[in-house]
Amino acid sequence: MFPCLKLRLLEERLQCISDFQKPKILLEQYVTPSHLGSHMLYTIQSQYGDISGKLVADLGSGCGALTIGAAVLDASLVVGFEIDEDAIKICQENVIEHEISNIDLVQCDVLKYAPSRFNDCFDTVLMNPPFGTKHNAGVDMKFLEIALNLSHNSVYSLHKTSTRKFILKRAESLGVKAEVLAELVYDLPTTYKFHKKKSVDIEVDFYRFTKQ
Amino acid sequence: MKLLTHNMLTSKCIKGVSVGYPLKINASDVKETEIDFNPEFVSKMIPKLDWPVLYEAADSLGKVGDLPKNIIENFENDEDFLKKVHHIMLEVEIVNGNLICPETGRKFPINNGIPNMLLNEDEI
């Protein structure tokens with residue numbers, strides 16, 4: 001076990017993070033719910049010590065739930081990569097609100113920018129990628145491959161439970177170790193007009209990928 | 001944007017650019033923040049940095065102070081040196097300005113501390 005801020009306190013910090021004002025369907029913008037984000041971050045730090053004192057990247061950082069959470073858990077620096085200007089603005093307000101300075105944000109298209117000088121540079125890469133369910137099937141796997149390039153150690157990610165077999169196989173062919181740390185239920189409040197129910201439960205797996 | 005991040009950004013993604021590194025800095029607004037000093041982290045980062053690029057970046061912002069031009073020997077045990085690197089790499093921030101591709105002159109604006117590395121379709 002590694003030292004870590006109490007889970008309850010972490011969750012309280014994440015609860016104050018503002019959400020997308022006008023989520024964009026093309027980018028599959030969903031917020032990482034605070035109970036989910038805090039459990040992920042708590043596990044990453046308390047079980048594996050992969051945040052405190054580390055160089056951490058957050059791919060598709062959105063409004064900054066994981067970025068800010070990792071900064072709160074004393075990452076040496078968290079770099080959030082995000083394409084959308086509106087999300088970045090909200091994230092920046094959240095960063096100011098939380099009075100955190102160990103964060104840098106870079107506006108870029110993670111899928112196209114491929115900042116190769118960053119390769120193997122990060123200790124830990126976090127992401128809650130687009131699940132790739134609508135028009136952009138496979139996008140979460142592209143994010144994963146990029147994340148694995150950036151990290152020399154571990155990648156933590158969420159993927160739909162229904163794709164587990166495929167993901168484990170893909171990880172094997174990429175030569176990385178994949179572990180499902182937890183099965184979670186992503187309780188998505190109705191974000192978009194096409195959501196007919198009040199909220200939708202999506203089963204997701206919380207993964208740890210490690211380079212061998 | 002911190003100089004650690006600058007040390008890793010390139011413009012290689014632009015069509016026809018072969019190296020795209022280092023990006024030139026044209027800063028109009030620079031600030032200094034305070035970040036907890038973690039000697040192990042700094043020691044671990046030093047071999048990963050492009051030192052001349054870090055030095056040059058700090059120098060162009062007028063923040064180089066008495067940072068040595070070359071990495072010193074046994075830096076792991078030199079707290080004074082590690083503190084200087086910590087300051088340059090994490091505490092000096094470019095708030096507004098531009099990053100400039102060394103090959104094409106394409107400017108990437110930095111607004112409120114955030115570099116915009118997005119390209120237009122016809123640049124990729």
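Which residue just after α2(A) takes a positive phi? In this predicted model, that residue is Gly49(A), with a phi of about 60°.

**View 1. Helix α2 of chain A and the residue that follows.** Helix α2(A) covers residues 34-48. At 1.5 Å a residue, its 15 residues should span 21 Å, and the end C-alpha atoms lie 20 Å apart, which agrees. Buried positions in α2(A) include Ser34(A), Gly37(A), Ser38(A), Met40(A), Gln45(A) and Ser46(A). Leu41(A) and Ile44(A) are also buried. Gly49(A), with its positive phi, comes just after the helix.

**View 2. The largest nonpolar core.** This core has 68 residues. The members that touch the most others are Leu59(A), Phe81(A) and Phe122(A), together with Leu3(B) and Leu4(B). Helix α6 of chain A (residues 139-150) supplies the largest share, eight residues. A second, separate core of 36 residues includes Leu41(A) and Ile44(A), as well as Tyr186(A) and Val204(A).

**View 3. Gln107(A) in strand β3.** Gln107(A) is part of strand β3 of chain A, residues 103-107. The relative accessible area of Gln107(A) is 7%, so the residue is buried. A polar atom of its side chain lies 3.2 Å from the backbone oxygen of Ile83(A). Leaving aside neighbours within four places in sequence, Gln107(A) is in contact with residues including Glu82(A), Asp84(A), Glu85(A) and Ile88(A). Among its contacts in chain B are Ile114(B), Pro115(B), Asn116(B), Met117(B) and Leu118(B).

Methods:
Residues numbered from 1 in each chain as written. Chains lettered and ligands numbered in written order. Predicted model: local features only at pLDDT ≥ 70, side-chain atom pairs only at ≥ 80, totals over all residues. Heavy atoms only, no water. Core = buried A, V, L, I, M, F, W, Y, C linked by side-chain atoms within 4.5 Å. Buried < 20%, exposed > 50% of the residue type's maximum accessible area, 1.4 Å probe, protein only. Helix = DSSP H or I, 4+ residues; strand = E, 2+ residues; numbered from the N terminus. Expected span 1.5 Å × (residues − 1). Polar contact = N/O pair within 3.5 Å; in protein donor to acceptor, adjacent residues only side chain to side chain. Contact = heavy atoms within 4.5 Å.
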